[in-house]
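This report covers the nonpolar packing and the surface of one protein model.

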Amino acid sequence: MCCFFATLMFFGPRLGFLVWWLLAPVRVNAALANFNFPWLVSLAGLIFAPWTMLMYTIVFPLNGFDWVWVGLALGADVASYIGAFHNRQQVPGYTGP
């Protein structure tokens, strides 16, 4: 578990998800098996909402308070997109939309 958190802190959620998949492949496969196209959901989740995908697979049997963790992860994804947009506005010469 220590390796998972170290990877997550230094390399971000995508590599953290890969490490989690290597540490607990049965849990990740069980979490993604609920969807019609698990490969598409996992790929879209890793591209567009990596914190949410990681948290969903960690707390998979979602009961009650677990939805709060998934909501916080979704908030982290939204905050990262907003932060990236704000940082892009700070680049000299960027005209943007």
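Leaving aside its neighbours within four places in sequence, which residues is Thr52 in contact with? In this predicted model, they are Val70, Ala73, Leu74 and Asp77. Thr52 itself is placed in helix H5. With a relative accessible area of 16%, Thr52 counts as buried, because the cut-off for that class is under 20%.

**Cores**

Seven residues make up the largest nonpolar core: Phe17, Trp20, Ala24, Val28, Leu32, Met53 and Leu54. Two or more of these residues come from each of helix H2 (13-23), helix H3 (25-32) and helix H5 (50-58). Apart from this core lies another one, of six residues, including Ala31, Tyr56, Phe60 and Leu62.

Leu32, a member of the largest core, has contacts with Trp21, Pro38, Ser42 and Met53 when neighbours within four places in sequence are left aside.

**Surface**

A nonpolar patch on the surface is formed by Phe11, Leu15, Leu18 and Leu22, which together have about 430 Å² of accessible area. H2 gives the patch its largest share, three residues. Leu18, one of the patch residues, lies in helix H2. Leu18 is classed as partly exposed because its relative accessible area is 43%, and that class lies between 20% and 50%.

The two residues with a stated relative accessible area are set out below.

| Residue | Relative accessible area | Class |
|---|---|---|
| Leu18 | 43% | partly exposed |
| Thr52 | 16% | buried |

Definitions and conventions: Residues numbered from 1 in each chain as written. Predicted model: local features only at pLDDT ≥ 70, side-chain atom pairs only at ≥ 80, totals over all residues. Heavy atoms only, no water. Core = buried A, V, L, I, M, F, W, Y, C linked by side-chain atoms within 4.5 Å. Buried < 20%, exposed > 50% of the residue type's maximum accessible area, 1.4 Å probe, protein only. Helix = DSSP H or I, 4+ residues; strand = E, 2+ residues; numbered from the N terminus. Contact = heavy atoms within 4.5 Å. Patch = residues over 30% accessible without salt bridge, like charges linked within 9 Å, V, L, I, M, F, W, Y side chains within 5 Å. Areas by Shrake-Rupley, 256 points an atom, 1.4 Å probe, with all protein chains shown as cover. Salt bridge = Lys/Arg side-chain N within 4 Å of Asp/Glu carboxyl O.
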